[in-house]
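Colleague: I would like a close look at one part of this model, with the terms spelled out as you go.

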Amino acid sequence: MEVLQYAIRKLLGGIPLVLGVTFISFLLMVYFGPDKTYELLGKNPTQEQIDEIRHELGYDKPFMVRYGEYLKQMATLDFGASDSTGEPVSKVLARTVPISLALITPGFILGNVLGILLALIAAYHRSGPIDKYIMGFSVVGMSISFLIVVIAFQIIFSSSYGLNAFPVRGWNVHSFSDYLRYITVPTLATIFVALGYNTRFYRAVLVEEMTRDHVRTAKAFGTRPGKLLYKNILKNSMIPIITRIMFSIPLVVVSGSLIIESYFGIPGIGKVTYDAITTGDQPILKAVVGLTAVLFVITLLITDILYRVVDPRVSLK
Amino acid sequence: MRNLVWSLIAVIAVGTTGCGQEQRNNGFDPNLKVYRHAMDQSPSSLDPVQASNVYANHVVLNAYDTLFAFKYLARPYEVKPNLAVDFPEISDDLLEYRIRIKEGVHYIDDPAFADGVGREVIAEDFIYSIKRHFDPKMRGQGAWLWQGRIVGLDEWKESGADYDQEIEGLRAIDRHTILIKLIRPYPQLIFTLTMGYSALVPREAVETYGLELASRPVGSGPFRVTSYDTSKIVFEKNVKFRQEPVDIWYEGYNPETQGFTGVEAIQGRSPPFLDILEIDFIAESAARWNSFTKGDEVQYTGVPNEQVDNILSSKDPITPTQEIADRYHMYAGVEAGFVFQAFNMDFPEFGYNDDPDRSRRNKLLRCAVIKGFDWSKRNESFYSGLGIVFPGIIPPVVPEFDPELSRWSVERDVEEAKRLLAEGGWTADNLPELVYGTTSSVTSRQFFEQFRGWLKKIGYPSDRIKIKQFATFGDISRAWKNSTLPFVAKGWGLDFPDAENTLQLFYGPNGSPGSNDANYRNREFDELYRKTSVMLPSPERSKLYQRMNKLVIDDCVAVSGISRTRIMLWHKNVIAFPDREIVGGFFLKYVDVEKQQPVEGEGT
């Protein structure tokens, strides 16, 4: 009951956040974003045709009227049709978000799990050679541009100049083995880069926990390293770890990964969002921005509940 | 190292065992003929009314039918009847066109039709399809082709665009005959009927799908679209497509220049020859190249600039290395278009000025900039030295091109540029600020820096030449249409092989927001444009075109230009003569592939 009450309070409290995010982003879209009118013009337009397109797109309405329509769309989850392809936005999202999720999830999970494992090992061997090796690897992962990693991995694993073992691009997934073929290289690239950031972050969190009195006491009692790392250190470090993981989820779900999708020819939401930004396809943008804001509110709520789960001292009041 | 990497992926390899056979044919049934084409951009819409570029036309011309088309192999380009039975019957005054369309042609089966069965294509479909461009709700982009040309069409729009209302100049005389009445002769009309804009769309589909037609074509072309997303479009053969055996000699086959393609194999057979046509949209040149060279993915690519030196053993003549020649077919052709810059004459600092003396000085300033521009260096730096630099605005690909024209305007001469500045009384202190508008790409920035460097050499202070970058094409297009940039840098792809298509870029009444971004207004030019716009191709018309070209050059309006050479590679098992110029994509229905003969280096 306490959780339910908290959830309702939190969701209601999230409404101003969603309103704020949507208002600012819509303001930016309308006054500073690309003007779709000029994408839709023929080669030799007249002023009359420009005005007609603006009218068709609804650009001639007052800003607040348009924002009101946006809120109505948010409430009904009906964002209309893409200004480019005419396809209903809901259909576009239903088609692309699952692909992005399928693409990003393995790398996201493995990047975090392996990051925590490596961070535990590094933290336990703090200042020793193992720690230095792991941190050195992390710095390499962080230092190389994701774009370079993608290109290099594509050449190494997929191209005829390398192993030629995986597809360069495409997403013809009809079976689990197809799925493995198409996600292996993108996942490896994602893990390579994510590991650097994750390991360093988690190591810092775990090292700080290791300096606490209760850890010292546990060590003095002769607790085995495995138990010490899991029960005394990792469990007590879960709050910042959960925060980092949870706050990445909305971006993973809605934004996808533009670079991965572009280079590997995977039709996910990242590419759709990027195209919408560059062409000023407002129906798509409104949906992506609005849903990201809502997801953040939900994520905040779940994060708070998870805090309570891992640390009963946390109050939801 | 190789063993180590293999070890790391061993588990995954086990998981993927068993799918190799299917992947050998690009994920399709190995018994099907599949061709995977690659383009560097995706079309934003598949609706004929929005087929504004070659990317959209690659799809539209294969999903829909047009009355006329370009011959597959003829270069220079030649028009032939497509859905039309024959060329139009044209009245003596060149104002009436009667076009008979083929009987028994059907649309693909689609739920938009009664019982889901595609009905026959009729003349009324053409009338409806052209009307759509004049209906504001359709967001059409092709109205400029027929605006002010067809009797009653503009009035139809003004009176509310009621599709059931007849138009005097655009009628179906009977089920298979179209009548077009022109306000004045329009020699380019037949070209416009080859374009995706004029493709025949069934009214039922528009009424059923509305704007969504832009992503789910319903046509009578050689292929039907089965899937479309941001990464690719997949077509399958339209089994209902009419049987019309190819005569490669009629199509303009030249054994000397095209014999290597193997197109003789399609002689006497009816297209389309492919079961599956897939077009991959790959903006990243590295990914496109990797996919192409992999062997079992895309089978065609335009060669990215960074690969040109790797694949050529000679640039003049353009010759591939032995390795490339052994593995791929190659063709290099000059683009049907050009890259140029122009001054916006509406800016009194550079163009027309109420003060006649300042106007005179402005012209000298523009001429000095032109003489300071190094086209040869531009060609070397950005186009691998393969482009064709030419003076004026009539590019080499059109028949009216004059190879004898003076090259004064494309040859850099720093001393002459300085002399012109001095003659105009221009010094480092009084030269106006030049704002160079461009998109926000690295290449655009490099163009600008090179340009600024050249002008510095002629005495134009660097701090007076500013760049204004725009995040998207829509943004810079807005600046052009609103005439807010004094200097316009752009490329132009020809809609049809007639110099009229480039000359209209400098026709006064086409000023902003029209296509004349330079806002050039020259009475003689405009009169000649009007005069030639009703003339059929002839030596006399070519002469007048060339006179107009000379006027633009003499007025120092444009820094122009270069036509890029495009190099194309395709796998040896593909029987095709690819071409992405003019409307683009019209060759795809003739593509055939030999059964699975992958090139060396193929994976899985």
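Which residue is the bridge partner of V34(B) in strand 10 of chain B?

Modeller: In strand 10 of chain B, V34(B) has I276(B) as its bridge partner. This is a predicted model, in which local features need pLDDT of at least 70 and side-chain atom pairs count only at pLDDT 80 or more, while totals for chains, interfaces and linings use all residues. Residues are numbered from 1 along each chain as its sequence is written, and chains are lettered from A and ligands numbered from 1 in the order in which they are written.

Strand 1 and strand 10 of chain B pair in the parallel sense, over 6 bridges; two strands are said to pair if DSSP finds at least two bridges between them. Helices (H or I, at least four residues) and strands (E, at least two) are DSSP runs, numbered from the N terminus. Strand 10 (residues 276–281) also runs antiparallel to strand 9 (residues 232–237) of chain B, to which 5 bridges join it, and here L277(B) is the bridge partner of F235(B). In general, the strands of a sheet pair through backbone hydrogen bonds, either parallel or antiparallel.

These pairings belong to an open sheet of 4 strands in chain B, with the order 1-10-9-8 and mixed pairing. Strand 1 (34–39) and strand 8 (223–228) of chain B each have a single partner strand and stand at the edges, so one side of each is left without a neighbour in the sheet. Neighbouring strands are turned by 20° against each other on average, direction ignored. Helix 4 (residues 54–63) of chain B packs on this sheet and touches strand 1, strand 8, strand 9 and strand 10, its direction making about 130° with that of strand 8. Axes are lines fitted to C-alpha atoms, for helices over the stretch in contact, and angles run from 0 to 180 degrees between N-to-C directions; contact itself requires that the C-beta atoms of two residues, placed from the backbone, lie within 7 Å.

Coming back to strand 10 of chain B, 6 of its 6 residues are buried, so the strand is largely enclosed by the rest of the structure. Buried here stands for 20 or more other C-beta atoms within 10 Å of a residue's own, exposed for 12 or fewer and partly exposed for the range in between, with C-beta atoms placed from the backbone. I276(B), E278(B) and D280(B) point one way from the strand, whereas L277(B), I279(B) and F281(B) point the other way, and all are buried.

As for the setting, chain B has 20 helices and 23 strands, and 49% of its 604 residues count as buried. Its C-alpha trace spans about 75 × 75 × 45 Å along the principal axes. Among contacts in chain B with a separation of 6 or more, 69% are between residues 24 or more positions apart. Chain A, by contrast, has 13 helices and 0 strands, with 41% of its 317 residues buried. The contact between the chains takes 54 residues from chain B and 55 residues from chain A, and helix 2 (10–16), helix 10 (285–294) and helix 17 (473–481) of chain B each supply at least two residues of the side of chain B that touches chain A.
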